[in-house]
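I keep these notes as I look through a structure for the first time. I write down what I looked up and what I found.

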Amino acid sequence: MTVNLLDFDLDGLAAFCERLGEKRFRATQLFRWIHHRGASDFGAMTDLAKSLREKLQGAAEVRALPVLTEHVSADGTIKWLFDVGSGDAVEAVFIPEEDRGTLCVSSQAGCAVNCRFCSTGHQGFSRNLTTAEIVAQLWYAEHFLRRRRNTDERVISNVVMMGMGEPLQNYGALVPALRTMLDDHAYGLSRRRVTVSTSGVVPMMDRLGQDCPVALAVSLHAPNDALRDNLVPLNRKYPIAELLDACNRYLEHAPRDFITFESCMLDGVNDQPEHAEQLIALVRRHGGRGVSCKFNLIPFNPFPASGLLRSPAPRVASFARQLADAGIVTTVRKTRGDDIDAACGQLAGDVKDRTRVGERIAQQRRIPLVPVPVGRSAEKA
């Protein structure tokens, strides 16, 4: 059985080459051919020894993911649906902007966290992606865009692990993929420009801070445990106080001096002035020192199964002003690609659910979303 070389970071590729009787510098050459140049044909890798190319022909391959569909938004956003086999498909999205090109990458086929406002969670969970399947999304997108633009210059400057899945629940495959993204012999991305978004898997946040610290975004979405329990069920295992403690530990290693907190703005659920006040108290007072952070407010992208509505734009703007007036850097995410269902929370792919998510969602939706009195979260923190 041949090995997919997209599964290896540079250290892993060096170990593979050593098993073939080759020295590490050969692995570096091979790594550059694959990731810098987007090559998959060993015969074209002309500065590799002929003996190595012959060994690779029988033992390895650079196997991309088949593209099932490509959709291009009116704003230039591109969404690809990749076939990962066994009836599962995952989505990745490229978002072009004047000063950057961002790729949103999936880490799982489906998602087991089941956040109430996320369409990926509503379709259930099938399996973790391999490192190769994570990296292949970047490999394909980067070299496809270079060919389309007729350039040898890097197109993708930022990667956000915000596609389908909870990245930190696929930790073993995630870290080698991140190392490939960061490696100067591959994509050479800055740690500040690679972001892992998590719903709050506290033990893995601690491990990531030690193993491969990159920018961190935390899906907070609520200022108190009672509300967050309902919106983000993982909160029942790792409540807000534990999550914020983990954020402060992560900041000791992070490439940025703040954590980004994300909040999907839901009409009448988490968008009231009292919610903003609770958030302010939470991040200022937690543990007696607060948490260095910025807020990213995300307009909700409704889908029928959610039973939720988008907060009106004026209310989101007022909420943002309230946080900003308290001295907290706050942005409102610009919705991109919503005409092709590529906006935040819309990625759904096509997966074979192994988690009976329909039953769990039906039970979850029977729990009313009742805001908790002001001050509860600040007292708990």
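The entries below go from the whole chain to single residues.

**Entry 1: the chain as a whole**

I noted at the outset that this is a predicted model. I looked up the secondary structure and found 13 helices and 14 strands in the protein chain. The chain has 381 residues, and 57% of them count as buried. I then turned to contacts between residues with a separation of 6 or more, and found that 68% of these join residues 24 or more positions apart.

**Entry 2: the nonpolar core**

I recalled that nonpolar side chains tend to be buried together in soluble globular proteins. How many residues does the largest nonpolar core have? I found 115 residues in it, and those with the most contacts inside it are L5, L30, F117, L178, M181, L208 and F261. Helix α5, residues 131-149, contributes 10 residues, the most to this core.

Setting aside neighbours within four places in sequence, I found M181 in contact with I134, L138, V159, M161, Y187, G188, L189 and V194.

**Entry 3: α5 against α6**

I reminded myself that two packed helices are described by the angle between their axes and the distance between the axes. For α5 and helix α6 (residues 171-182), the axes come within 8 Å and cross at roughly 35 degrees. I recorded the crossing of α5 and α6 as right-handed.

Which residues make this contact? From α5 they are T131, I134, V135 and L138, and from α6 they are G172, A173, L174, P176, A177, T180 and M181. I sorted the residues of this contact of α5 with α6 by type: 8 are nonpolar, 3 are polar and none is charged.

I stayed with helix α5, where E142 is found. Is E142 buried or exposed? Its relative accessible area is 1%, so E142 is buried. Not counting residues up to four places away in sequence, E142 touches E153, R154, V155, I156 and Y187. I also looked up S157, which is 15 residues from E142 along the chain; their C-alpha atoms are separated by 9.7 Å.

N150 lies in the loop between α5 and β9 (158-161). Phi of N150 is near 55 degrees, a positive value in a residue other than glycine. N150 counts as exposed because its relative accessibility is 73%.

**Entry 4: H36**

I found H36 in the loop between α2 (24-35) and α3 (50-59). Its relative accessibility is 25%, so H36 counts as partly exposed. Beyond its neighbours within four places in sequence, H36 is in contact with F31, H143, R146, D184, H185 and A186. H36 and E153 are 117 residues apart in sequence, yet 9.8 Å apart in space, C-alpha to C-alpha.

**Entry 5: F82**

I located F82 in strand β4, residues 78-85. At 0% relative accessibility, F82 counts as buried. Neighbours within four places in sequence aside, its contacts are L65, P66, V67, L68, D88, A89, V90, A92, Q137 and Y140. I also noted E133, which is 51 residues from F82 along the chain; the two C-alpha atoms are separated by 9.3 Å.

**Entry 6: C212 and H221**

I looked at the two ends of β11 (215-219). C212 is found in the loop between α7 (202-211) and β11, and with a relative accessible area of 1% this residue is buried. C212 touches V175, L178, R179, L182, R191 and Y250, residues up to four places away in sequence not being counted. The C-alpha atoms of C212 and L174 are separated by 9.9 Å, although these residues are 38 apart along the chain.

H221 lies in the loop between β11 and α8 (225-231). Phi of H221 is near 70 degrees, a positive value in a residue other than glycine. H221 counts as buried, at 4% relative accessibility.

**Entry 7: a length check on α10**

The buried residues of α10 are H275, A276, Q278, L279, I280, A281, L282 and V283. Just after α10, G287 takes a positive phi of about 65 degrees.

Definitions and conventions: Residues numbered from 1 in each chain as written. Predicted model: local features only at pLDDT ≥ 70, side-chain atom pairs only at ≥ 80, totals over all residues. Heavy atoms only, no water. Core = buried A, V, L, I, M, F, W, Y, C linked by side-chain atoms within 4.5 Å. Buried < 20%, exposed > 50% of the residue type's maximum accessible area, 1.4 Å probe, protein only. Helix = DSSP H or I, 4+ residues; strand = E, 2+ residues; numbered from the N terminus. Contact = heavy atoms within 4.5 Å. Axes fitted to C-alpha atoms, helices over the stretch in contact; angles between N-to-C directions. Left-handed = near helix turned anticlockwise from the far one by under 90°. Nonpolar A, V, L, I, M, F, W, Y, C, P; charged D, E, K, R; others polar.
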